[in-house]
Amino acid sequence: MQHNNGEFDTEYTPVGYMDRDLQTATKAKTGVVYMSDSNAKKQRIRHPDLNPSDYTIVQNILDKGMIGEGNKPNHYIGFIEIDKKWWRTVWKVVGDGNEVWFLSLTKAKPYEVKQNRKWIRE
C-alpha cells in the first residue's frame with residue numbers, strides 16, 4: 001500500500017474510520033484511516049509524550065471533532081477538546097480516494113483551532 005510520501009509500506013494499521021458523511025466531504029472512497037509503520041515510528045520520535053492509548057483520540061475526532069481542510073491539497077485537519085486539552089489530527093486522502101493515510105496526532109493550542117480555514121464540520 002502506498003502512503004503519503006509515495007513510498008510503499010507493507011505494515012500498516014487502521015487507526016480510525018470515517019462515516020459516510022465525512023467520506024463524502026473529503027472525497028474518500030473508503031472510511032478506513034491507516035497509519036503506516038514508518039509513520040508510527042516518526043510519531044514515537046517526534047511526540048514521545050503520547051501514549052499508544054492516546055491514538056483512540058483519532059476516532060473521537062473523526063466521530064465528533066471539528067473538521068477542516070488542511071494547508072495542502074487533499075489534507076484534512078481535525079480538532080477536539082478533551083478534559084480542557086485540545087488535540088489535532090491530520091490525514092490525507094490519496095489517489096482516487098481509495099486510500100486514507102493518518103499523518104499526525106498532536107496536542108493543540110486553542111488559537112490553532114480558531115485559525116481561519118474552510119470547515120467541513122464545526
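Me: Before I look at the charges, which residues count as positive and which as negative?

Reply: Lys and Arg count as positive, and Asp and Glu as negative. In this predicted model, the protein has 19 positive and 16 negative charges, and their mean positions are 5 Å apart.

Me: Thanks! How many helices and strands are there in the protein?

Reply: You will find four helices and seven strands. Starting at the N terminus, the order of elements is β-α-β-α-α-β-β-β-β-α-β.

Me: I'd like to learn to read one helix. Why do residues three or four places apart point the same way in an α-helix?

Reply: An α-helix has 3.6 residues a turn, so residues with that spacing point the same way. Now try helix α3, which covers residues 56-64: I57, V58, I61 and L62 are buried there. Looking down the axis of α3, the buried residues fall within an arc of 145°, so they line one face of the helix.

Me: Which exposed residues does the face of α3 turned away from its buried side carry?

Reply: That face carries T56 and K64, both exposed.

Me: And what radius of gyration does the protein as a whole have?

Reply: A compact globule of 122 residues would have a radius of gyration near 14 Å, and the protein agrees because its own value is 14 Å. The C-alpha trace spans about 35 × 35 × 20 Å along its principal axes. As for burial, 46% of the 122 residues count as buried.

Me: How much of the accessible surface belongs to carbon and sulfur atoms?

Reply: Carbon and sulfur atoms hold 47% of an accessible surface of about 7400 Å².

How values were computed:
Residues are numbered from 1 along each chain as its sequence is written. This is a predicted model: local features need pLDDT of at least 70, side-chain atom pairs count only at pLDDT 80 or more; totals for chains, interfaces and linings use all residues. Side-chain values use heavy atoms; hydrogens and water are left out. Buried means under 20% relative accessible area, exposed over 50%, partly exposed in between (1.4 Å probe, protein chains only). Helices (H or I, at least four residues) and strands (E, at least two) are DSSP runs, numbered from the N terminus. The arc is that of the directions from the helix axis to the C-beta atoms. The radius of gyration is taken over C-alpha atoms; the globule rule is 2.2 Å times the number of residues to the power 0.38. Accessible areas come from the Shrake-Rupley method with a 1.4 Å probe; for residues, only the protein chains shown count as cover. The place of a charge is taken as NZ of Lys, CZ of Arg, CG of Asp or CD of Glu.
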